[in-house]
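Here is a note for a colleague who is opening this structure for the first time. Please keep the sequence and the view side by side while reading.

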Amino acid sequence: MSSGSCLCGAIRWSLASDPKRMTHCHCRMCRKAHGATFATFLIGDLQGFRFEQGEADIVAYESSPDFIRPFCVHCGSVVPHRASDRVRIPAGAMDDDPHILPSAHIYVKWKAPWHAIDDDLPQHDHFPGHSSPRVEDPALSPSTPGVLRGRCLCQAAAYEVKGPLQRLYHCHCSRCRKAKGAAHATNAFAAIDDVRYLRGESSLRTYRLPGARTFSHVFCPTCGSSMPRLDPTRSLAVIPMGSLDDDPERTIDSHIFVASKAPWYEIDDDLPRHDAGPGPS
Ligand SMILES: [Zn+2]
Ligand SMILES: [Zn+2]
Ligand SMILES: [Zn+2]
């Protein structure tokens, strides 16, 4: 028996039987929907899965025919999807250890350019057993040097960054894992004046975590994608790397809040690791 919930706690679920499989998905749609470097899903039997509360608070976005990406209307967390005979659960939103480890990477051909896969798991360019990849082409014009562009999955919101990404972190804290429904968040920090929304900013929703000093989750109300948060009090913008369309041509600085990391995720790279934050800020 294991259970999970979204960031705000409105949606809760339980899984009575052991999950069958855990997979890291690197496709562009997962990266955008989760705002993360990659998504990790648990696949379980439909019998044994149930929503304990909040099912009416789920928004279902159809990112491609027959592929539904559900999220919480309040906080934007990715939540489980029930297909015909199985359930797909974002592993990052589990509240306890599901006692299974990832078995493969899928859609690695579309992986984030700043990410190297350093473990020994099998890598596939598709989803084994499925014929056609569910991956859209970004169809963007060539990038302008010094400008990074980003969009949500439904493309209602778009932004650009004209200036350097100052700090880039993989964050393993439990809030980030729930907000993204992923193994960890990957966030870039930039000067607030360097980040500009091109469209859709007024429609974005912000969930502020009660009691948190600065943590909030900005997301598209249509597709649930995480989007940049502009924080005037700190004069900075926090950019979920999964929303980027252009290659920042930069690697990540470090892993932070590693002490809170998911029990099923092993860090296999050589980046610096910090148990808590990156230091006094
Ligand atoms: Zn929620
Ligand atoms: Zn995917
Ligand atoms: Zn959207």
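The points below go from the whole chain to its domains, sheets and single residues.

1. Ground rules. This is a predicted model, in which local features need pLDDT of at least 70, side-chain atom pairs count only at pLDDT 80 or more, and totals for chains, interfaces and linings use all residues. Residues are numbered from 1 along each chain as its sequence is written, while chains are lettered from A and ligands numbered from 1 in the order in which they are written.

2. Overall build. The chain holds two helices and 20 strands. Both kinds of element are DSSP runs, numbered from the N terminus: helices are H or I with at least four residues, strands are E with at least two. The radius of gyration is 18 Å, close to the 19 Å of the globule rule for 281 residues, so the chain is as compact as a globular protein of that length. That radius is taken over C-alpha atoms, and the rule is 2.2 Å times the number of residues to the power 0.38. Along the principal axes, the C-alpha atoms fill a box of roughly 50 × 45 × 35 Å.

3. Of the 281 residues, 40% count as buried. A residue is buried if 20 or more other C-beta atoms lie within 10 Å of its own, exposed if 12 or fewer, and partly exposed in between, with C-beta atoms placed from the backbone. Two residues are in contact if their C-beta atoms, placed from the backbone, lie within 7 Å. Among contacts between residues at least 6 apart in sequence, 67% join residues at least 24 apart.

4. Two domains. Domain 1 covers 2-110 and domain 2 covers 147-260. These bounds come from an automatic or database domain assignment. Their C-alpha centres lie 20 Å apart. Across the boundary, 27 residues of domain 1 are in contact with 27 residues of domain 2. On the domain 1 side, helix 1 (28-34), strand 4 (39-45), strand 6 and strand 7 each give two or more residues. Helix 1 gives the most, with five. By class, this side has 15 nonpolar, nine polar and three charged residues. Here Ala, Val, Leu, Ile, Met, Phe, Trp, Tyr, Cys and Pro count as nonpolar, Asp, Glu, Lys and Arg as charged, and the others, Gly among them, as polar.

5. Five strands lie in the order 8-9-4-3-10, with mixed pairing. Strand 8 (81-82) and strand 10 (104-106) stand at the edges with a single partner strand each, so one side of each has no neighbour in the sheet. Two strands pair if DSSP finds at least two bridges between them. Strand 3 (residues 21-25) runs parallel to strand 10, joined by three bridges. C25 stands opposite I106 there.

6. Strand 6 (residues 58-64) and strand 7 (residues 67-72) are antiparallel and share six bridges. V59 has F71 as its bridge partner. Two residues separate the strands, and D66 takes a positive phi near 70 degrees.

7. Strand 19. Four of the five residues of strand 19 (residues 236-240) are buried. In the hairpin with strand 18, four residues lie between the strands, and S235 takes a positive phi near 55 degrees.

8. The core. The largest nonpolar core has 63 residues, and C6, C25, C72 and I239 have the most contacts inside it. Such a core is a set of buried Ala, Val, Leu, Ile, Met, Phe, Trp, Tyr and Cys residues joined through C-beta atoms within 7 Å. Beyond four places in sequence, I239 touches V161, N187, A188, A190, V195 and P228.

9. Two loop residues. Is A36 buried or exposed? A36 is buried, with 32 other C-beta atoms within 10 Å. A36 sits in the loop between helix 1 and strand 4. T186 is 150 residues away along the chain, yet the two C-alpha atoms are separated by 5.7 Å. S143, in the loop between strand 10 and strand 11 (147-151), is partly exposed, with 14 such atoms within 10 Å. Beyond four places in sequence, S143 touches R149 and D246.
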